Amino acid sequence: MAPPDSNAPAEAIGIEARGEDLLAVVFTAMASPCELLLPGVDEPAAATLGALVAEEAWRVEKKFSRYRDDSVVAWIHRNRGIDIEVDPETASLLDFARQCHQMSDGLFDITSGVLRRAWKFDATSAIPAQDAIERLLPLIGFDKLVWQAPHLLLPLEMELDFGGIGKEYAVDRAYDLLNARFSAPFLINFGGDLRANRAPPRGAWQVGIERPGTLRDAAMILTLEHGALATSGDARRFLMHDGIRYGHVLDPHTGWPVAGAPRSVTVAASSCTEAGLLSTLALLQGADAAEFLEQQGVRHWIVD
Amino acid sequence: MQLKPRVRRRTGPDVRCRLIAASCALLGASAARSQAVASSGPAPNTWSIDTALAYYHEDGRIQAIEPVVNVLKDFGDGETVGLNLTFDALSGASPNGALPSRNVQTFASPSGKNLTTPAKDYTTSPGQLPVDSHYHDQRLAGALDWQLPLTRGTQATLGAKMSYEHDFFSVSGNASIAEDFNEKNTTLSLGVNDEYDTLRPIGGTPVAGSDYSLFDKTAGKTKNGAGVLLGVTQVMSRRWLSEFNLSADRFTGYLNDPYKIISIIDAAGNTTGYEYERRPDARTRKSAYLENRVGWDRASAGLSLRYMTDDWQIHSETAQLHVRWWIDSQDKYFEPSLRWYRQTAADFYTPWISAANQSSTGYASSDSRLGAFHALTFGLKYGEKLANQGNSAGGEFSARIEYYQQVTDGHFNAPGSLQGLDLVPGLKAILLQIGWRF
């Protein structure tokens, strides 16, 4: 998940009218602006439904954030080298991460966060020394975990980071909660990862996808009837060194940024988790991102 | 500094299938329920196709098989075009209107009056309700609807229907306009429709009230109808929708059923002859309809009440209740329903004409659909959403069973030998239907 805000996120929700007959429930979670769009719903109902979605976002954030001392991730980190028993939800996320690790030949790896000790995508624009990176590589690899649900043994010095799937997972969880109780159209958007159950009355959802770096930062407008959209790649997070642009997507095999990766990749899929994984894996393909997505047969939009 | 050269590890083309499976394990079935529909162009056109096959069986009488296809094209922005095609194949035995008798009765089937085919007479055993056992008919019906938004809050609908049988043809057109008020919580609608029917019974159209044995027939006949409907729909709360309609229609022309006859009975209970039925040549109906629908987290229910009255003195009441029960995280539902119906008889309804005042009869029909009766229908429907149907909003499979029981109201003092016979029997029917939407 994204780094903590300097101001701790206030657990408050607001309701905004977005044009005639559309209410947006807005709140902040996972350091991102989040919203629930509800056409044709009155304010008390929007508040009830919005609370349901926001509570779920905050719950997932609290549980899986690596920045919080009271999260499951922090607890796992405190118990490195010990065989611990994790709860079913954490277990299913670990299983999912293992499957993603396998199907991507190790490109997607929730243990690769240790590379952040070497790479700082901030204003200093410093490239780490090769030996600093090489010292970290032995700490990367999902297959080095001892994981047999529900038993986990995290080797000393290794790290887990659910940030690559947490936000999309939270969208899907909140979606399921709401969808089981509410059948009218809605759209859940957590910082650009979104999912809708059906088209709003008269038309489709209009979704603006940020395209920083393009001429006047023009947003791309997509229409979505139902399903999920996820965007990977933060076009604002890169560093320039000796005229070379280093994106923030790191290859866990080399410890270096993936060469030629697009600035951002947006993928449409049935769930946000699936869309998010496909867009992340596409970025990790570097210059072959478009080809990879064509092979998967999914609708996608790439900003180079 | 150069990027470190490395061996590229290509991720295979089957990632997506494995990912869908993994997402399902993580999120449950909802992850795979439907394909995303997204595009960077204007809202895409979508198609929805509904198909159903129904089987209807009346105890000892008619059975029907009815395939239905509904195609709806959504152009986005509230504009849709819908096409409905229905085919009916009916066969079996249809009551001809005559009374049971202690003697064998012989009738000529309508198809037997055709000069090119030999007469098909049919006989009815003593004590049995006379039915035309050669009855078979096929009907093809089509309807086209065009719904288009005029302004933000105004929606217009134009429609046309036609129905074809070998001896009957009907065309009708309708137009309606609906206006949203009160932040779309209230919708007022006004609709009109016009219908034109032609009847060409085989062997000619019987002259109303004429003697059955005289074959007094004329050419084809027509009837015309026009109707108007005024409705209001009100959103009472997020979980409660209420609808109220008032409607009126008037039909003029040849309103008889050309195949229905009436027995003429003497004081001893003997059948002395038959007459073709004779109905007024105009009928005006008015009805009021109230429906309330409520929804809960895992269930929804609808209660509707209808009152209808016409100038033939038929008054009817209908009450229908259905409850839809969602199970298994809203993918499957059961919907039991109960319908109660009661009507009074038309003022000219009579199961028979007594020979004594035969000459003085005005309008008369023994068609049991114009008599007094009440009926109960029990229904149960099961529906299941189908996963991942390509570019549409998700398919559905449904199966329905309905049991209908009609009970004749009123008591008829049958003369002489007819006493003890079930002169106006009720009706039991069963309906089975399966449907797919994709």
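User: Before the numbers, what makes a residue count as buried here?
Analyst: A residue is buried if 20 or more other C-beta atoms lie within 10 Å of its own, the C-beta atoms being placed from the backbone. Please note that this is a predicted model.

User: With that cut-off, what share of chain A is buried?
Analyst: Of the 304 residues of chain A, 47% count as buried.

User: And which secondary structure elements does chain A have, in numbers?
Analyst: Chain A contains seven helices and 14 strands. As for its contacts between residues at least 6 apart in sequence, 62% join residues at least 24 apart.

User: Let us take helix H7 of chain A. Which of its residues are buried?
Analyst: In H7(A), which spans residues 289-296, the buried residues are A:Ala289, A:Phe292, A:Leu293 and A:Gln296.

User: Why do they lie on the same side of H7(A)?
Analyst: They cover an arc of only 95° around the axis, and this puts them on the same side of the helix. As a general point, an α-helix has 3.6 residues a turn, so residues three or four places apart point the same way.

User: What do those buried residues pack against?
Analyst: Within chain A, the buried residues of H7(A) pack against strand E13 (264-269), helix H6 (272-284) and strand E14 (300-303). Helix H1 (15-27) of chain B also takes part in this packing.

User: Which exposed residues sit on the face turned away?
Analyst: A:Glu291 and A:Glu294 are the exposed residues carried by the face of H7(A) turned away from its buried side.

User: What comes just after H7(A)?
Analyst: A:Gly297 follows there, with a positive phi of about 70°.

User: Changing topic: what is the strand order in the three-stranded open sheet of chain A?
Analyst: The order is E4-E6-E5, with antiparallel pairing. Strands E4 (84-85) and E5 (146-148) of chain A are the edge strands, each pairing on one side only.

User: How many bridges link E5(A) and E6(A)?
Analyst: Three bridges pair E5(A) with E6(A), residues 151-153, in the antiparallel sense. A:Trp147 stands opposite A:Leu152 of E6(A).

User: How many residues lie in the hairpin from E8(B) to E9(B)?
Analyst: That hairpin runs through two residues. E8(B) and E9(B), residues 168-181, run antiparallel and are joined by twelve bridges. In E9(B), B:Ala178 is the bridge partner of B:Gln155.

Key: Residues numbered from 1 in each chain as written. Chains lettered and ligands numbered in written order. Predicted model: local features only at pLDDT ≥ 70, side-chain atom pairs only at ≥ 80, totals over all residues. Pairing = 2+ DSSP bridges. Helix = DSSP H or I, 4+ residues; strand = E, 2+ residues; numbered from the N terminus. Buried ≥ 20, exposed ≤ 12 C-beta atoms within 10 Å, placed from the backbone. Contact = placed C-beta atoms within 7 Å. Arc of directions from axis to C-beta.
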